[in-house]
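Hi everyone, thanks for coming.

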Amino acid sequence: PSGAGKSTLIKLMICEERPTRGHIFVAGKDITQLRPSEIPYYRRRGGVVFQDFKLLPRRTVYENVAFALEVADAHPKEIRERVPFVLDLVGLRDRANHFPDTLSGGEKQRVAIARAIVNGPKLLIADEPTGNLDPRTSWEIINLLLEINKRGTMILLATHNKEIVDRLHKRVIVLDKGRIVSTEKRTYHLR
């Protein structure tokens with residue numbers, strides 16, 4: 001449910017917040033022990049998609065996606081190859097030269113997903129990626145995430161949307177007041 005701690009858990013996983021106690025292991029590494037200078041390199045190994053997109057308003061779709069490679073010091077040739085490939089994957093190659101303010105909510109979320117996966121992360125964290133979208137567009141985004149998952153990227157999807165949880169038939173971890181109350185691979189019906 002809303003307020004259960006989903007976003008806080010994600011902030012802890014991406015080192016945006018630090019735990020007051022305990023440890024957090026991601027891929028066998030205790031990320032609570034990372035030095036501040038190591039955090040940007042750690043974050044580059046994963047991808048994150050937020051409900052509010054977090055697009056750069058003065059950059060085109062292409063430039064928003066390329067930015068993730070630029071900050072990772074990718075070679076310009078790699079950027080020229082990977083960005084169109086990823087824009088094709090998310091169905092936005094024809095929108096490459098558009099700015100975020102000319103896009104629909106679903107298109108903005110697709111740009112955010114493209115930016116999050118352009119580095120080829122092993123893990124993609126999606127924090128309420130359908131929260132601001134209509135039902136049809138929400139399912140388009142969910143299907144895109146499923147396609148990314150089929151290509152080998154693990155997806156951690158945080159949502160309070162019962163219909164999405166019930167229809168996906170994936171492993172469900174239920175949080176309540178910041179604690180895991182259930183973890184199982186089956187359809188879970190929220191109260």
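Let's start with strand S4, residues 123-127: five of its five residues are buried, so the strand is largely enclosed by the rest of the structure. Buried here means under 20% relative accessible area, exposed means over 50%, and partly exposed is in between, using a 1.4 Å probe and protein chains only. Helices (H or I, at least four residues) and strands (E, at least two) are DSSP runs, numbered from the N terminus.

Before I go on, a word on the source: this is a predicted model, where local features need pLDDT of at least 70, side-chain atom pairs count only at pLDDT 80 or more, and totals for chains, interfaces and linings use all residues. Residues are numbered from 1 along each chain as its sequence is written, and side-chain values use heavy atoms, with hydrogens and water left out.

Now the neighbours. Strands pair if DSSP finds at least two bridges between them. S3, residues 46-50, runs parallel to S4 and is joined to it by five bridges; there, Gly47 stands opposite Leu124. S5, residues 154-158, also runs parallel to S4, again with five bridges, and Asp127 has Ala158 in S5 as its bridge partner.

Is Glu78 buried or partly exposed? Partly exposed, with a relative accessible area of 35%.
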